[in-house]
Amino acid sequence: MANTEMLTALNEQIKHEYFSSYLYLSMSAYFADMGLSGFAHWMRMQAEEEMLHVNKMYDYVIARGGKIKLYAIDEPQAEWNSPLDVFNFGLDHERYVTGRINSLMDLALKTKDHAAHSFLQWFVNEQVEEEESFTDIINTLKLVQGDGRGLLLVDRELIARAAPSIASATTA
Ligand code: FEO
């Protein structure tokens with residue numbers, strides 16, 4: 001069984017992963033309302049990917065003999081100024097999550113919890129990918145500079161995002 005402090009911290013992180021899903025679903029709804037179905041789809045896939053993160057952590061806490069505690073989830077923001085504003089907000093959020101994952105890793109190192117250290121390594125790697133995918137889209141949107149035709153081209157690209165799978169959430 002893992003140390004109680006770590007399991008409590010992971011329960012807290014489950015809430016943040018859940019909130020991430022809620023936030024990206026809110027962003028998806030914002031894009032759907034704008035008629036940008038590709039952007040809406042991309043964010044919907046992102047919301048689903050966050051639920052895989054939730055489930056991965058949930059399963060680990062149980063596997064280590066911990067008790068699940070589900071906390072209340074905050075209401076996410078629903079309005080932004082532009083697609084670029086949405087992705088900047090998303091990147092800031094991912095950086096916040098990266099900070100939280102790093103703190104969990106610090107705790108694993110401090111308490112010599114080797115199983116948690118190994119488990120959290122996947123999330124450390126995942127955060128690099130998460131920040132990169134938001135940054136890539138931000139860079140594209142900066143080039144487009146709000147041009148309608150450019151946005152529609154990006155929209156067509158984003159609709160191609162595949163659904164996340166358990167496999168992609170359980171392998172590095
Ligand atoms: Fe679960 Fe986007 O971090």
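Is glutamate 12 buried, partly exposed or exposed, and what is its relative accessibility? At 25% relative accessibility, glutamate 12 counts as partly exposed, where buried means under 20% relative accessible area, exposed means over 50%, and partly exposed covers what lies in between (1.4 Å probe, protein chains only).

The views below show a predicted model, in which local features need pLDDT of at least 70 and side-chain atom pairs count only at pLDDT 80 or more, whereas totals for chains, interfaces and linings use all residues. Residues are numbered from 1 along each chain as its sequence is written, and side-chain values use heavy atoms, with hydrogens and water left out.

View 1. The structure holds 2 salt bridges, each being a side-chain nitrogen of Lys or Arg within 4 Å of a carboxyl oxygen of Asp or Glu. Lysine 15, with 22% relative accessibility, counts as partly exposed.

**View 2. A salt bridge links glutamate 49 to arginine 161.** The side chains of glutamate 49 and arginine 161 meet at 2.7 Å, N to O. Glutamate 49 lies in helix 2 and arginine 161 in the loop between helix 5 (148-158) and helix 6 (166-170), so this pair ties together parts that are 112 residues apart in sequence. Glutamate 49 is buried, with a relative accessible area of 15%, and arginine 161 also counts as buried, at 19% relative accessibility.

**View 3. Serine 165 is shown with glutamate 48.** Serine 165 has its place in the loop between helix 5 and helix 6 and is partly exposed, with a relative accessible area of 32%. Although serine 165 and glutamate 48 are 117 residues apart along the chain, their C-alpha atoms are separated by 9.1 Å.

**View 4. Helix 2 crosses helix 5.** The axes of these two helices come within 7 Å and cross at roughly 40°, the axes being lines fitted to C-alpha atoms over the stretch in contact, with angles that run from 0 to 180 degrees between N-to-C directions. That angle makes helix 2 oblique to helix 5, since angles under 35 degrees count as roughly parallel, over 145 as roughly antiparallel, 65 to 115 as roughly perpendicular and the rest as oblique. Helix 2 passes helix 5 in a left-handed crossing, a term used if the near helix is turned anticlockwise from the far one by less than a right angle.

**View 5. Helix 1 packs with helix 2.** The angle between helix 1 and helix 2 is about 165°, and their axes are 8 Å apart. The two helices are therefore roughly antiparallel to each other, and helix 1 passes helix 2 in a left-handed crossing. Aspartate 33, which has its place in helix 1, counts as exposed at 70% relative accessibility. Between aspartate 33 and aspartate 136, which are 103 residues apart in sequence, the distance in space is 23 Å, C-alpha to C-alpha.

**View 6. Helix 3 packs with helix 4, and a loop lies between them.** Helix 3 and helix 4 (residues 114-144) pack at an angle of about 165°, with their axes 9 Å apart. That makes helix 3 roughly antiparallel to helix 4, and the crossing of the two is left-handed. In the loop between helix 3 and helix 4 lies lysine 112, which counts as exposed at 65% relative accessibility. Phi of lysine 112 is near 55°, a positive value in a residue other than glycine.

**View 7. Glutamine 145 has a positive phi.** Most residues other than glycine have a negative phi. Glutamine 145 is not a glycine, yet its phi is about 50°. The residue is found in the loop between helix 4 and helix 5, and glutamine 145 counts as exposed at 71% relative accessibility.

Conventions:
Helices (H or I, at least four residues) and strands (E, at least two) are DSSP runs, numbered from the N terminus.
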